[in-house]
Amino acid sequence: MSDCIFCKIVAGELPSKTVLETDQVLAFHDIRPQAPVHVLIIPKRHIPSAHALAPEDAAVLGEIHQAARRVAEELGVAEKGYRLVTNVGFHGQQTVPHLHYHLLGGRQLQWPPG
């Protein structure tokens, strides 16, 4: 999508601090981190949200979760733990309409989150 900020990052039109890239997935540091480690993990193909996922998206979801494991290990939060979350829609606080997961770690996180 031409007006999607994450699609522009995937296309190289906007800068990002990449952590991991595969054929289907891109992981990069959030520009407004909410924890010492805050990485966004997105599919390169535009999918509006988790609510818009279709059965044929199962492979990319698997790759997103494998990317999360690799990122957590590379950034040193795998052993103590981390949070992996996706927001959906207005009430879910989804601010960019492109499926993305937040990987947060590096400190004790609170529950409930908000």
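Colleague: Before we start, what do I need to know about the numbering and the pLDDT limits?

Modeller: Residues are numbered from 1 along each chain as its sequence is written, and side-chain values use heavy atoms, with hydrogens and water left out. This is a predicted model, where totals for chains, interfaces and linings use all residues, side-chain atom pairs count only at pLDDT 80 or more, and local features need pLDDT of at least 70.

Colleague: What is the volume of the largest pocket?

Modeller: A pocket here is an open set of points on a 1 Å grid over the protein atoms alone, where a 1.4 Å probe fits, with protein on both sides within 12 Å along at least five of seven lines. Points are joined across faces, edges and corners, and the volume is the space filled by probe spheres set on them. For the largest pocket that gives about 820 Å³.

Colleague: Which residues lining the largest pocket are the closest to its centre?

Modeller: A lining residue has an atom within 4 Å of a point. There are 29 of them in the largest pocket, and the closest to its centre are Asp 30, Gln 34, His 38, Leu 40 and His 102.

Colleague: Which element gives the largest share of the lining of the largest pocket?

Modeller: Helices (H or I, at least four residues) and strands (E, at least two) are DSSP runs, numbered from the N terminus. Strand 2 (25-29), strand 3 (37-43), strand 4 (82-85), strand 5 (101-105) and helix 1 (5-10) each put at least two residues into that lining. The largest share, three residues, is from helix 1.

Colleague: Is Val 39 buried or exposed?

Modeller: Val 39 is found in strand 3, and its contacts (heavy atoms within 4.5 Å) beyond four places in sequence include Val 19, Ala 27, Val 71, Tyr 101 and Leu 103. Buried means under 20% relative accessible area, exposed over 50%, and partly exposed in between, with a 1.4 Å probe and protein chains only. Since the relative accessible area of Val 39 is 0%, Val 39 is buried.

Colleague: And which residues does Val 60 contact, leaving aside neighbours within four places in sequence?

Modeller: Val 60 sits in helix 2 and counts as buried at 5% relative accessibility. With those neighbours left aside, Val 60 is in contact with Gln 24, Val 25, Pro 43, Arg 45 and Ile 47.

Colleague: How many disulfides are there?

Modeller: A disulfide is a pair of cysteine sulfur atoms within 2.5 Å. Cys 4 has the sulfur of Cys 7 as its nearest cysteine sulfur, 3.7 Å away, and is in no disulfide. Cys 7 is in no disulfide either. The count comes to zero.

Colleague: How exposed is Val 88?

Modeller: Val 88 lies in the loop between strand 4 and strand 5. Not counting residues up to four places away in sequence, Val 88 touches Ser 49, Ala 50, His 51 and Gln 94. At 35% relative accessibility, Val 88 counts as partly exposed.

Colleague: Which residue other than glycine has a positive phi near 70°?

Modeller: Most residues other than glycine have a negative phi. This residue lies in the loop between strand 4 and strand 5 and counts as exposed at 56% relative accessibility. The residue is Gln 93.

Colleague: Last one: which residues does a cis peptide bond join?

Modeller: Most peptide bonds are trans. In the cis one, omega is about 0°, and its proline lies in the segment after strand 5. The pair is Trp 111 and Pro 112.
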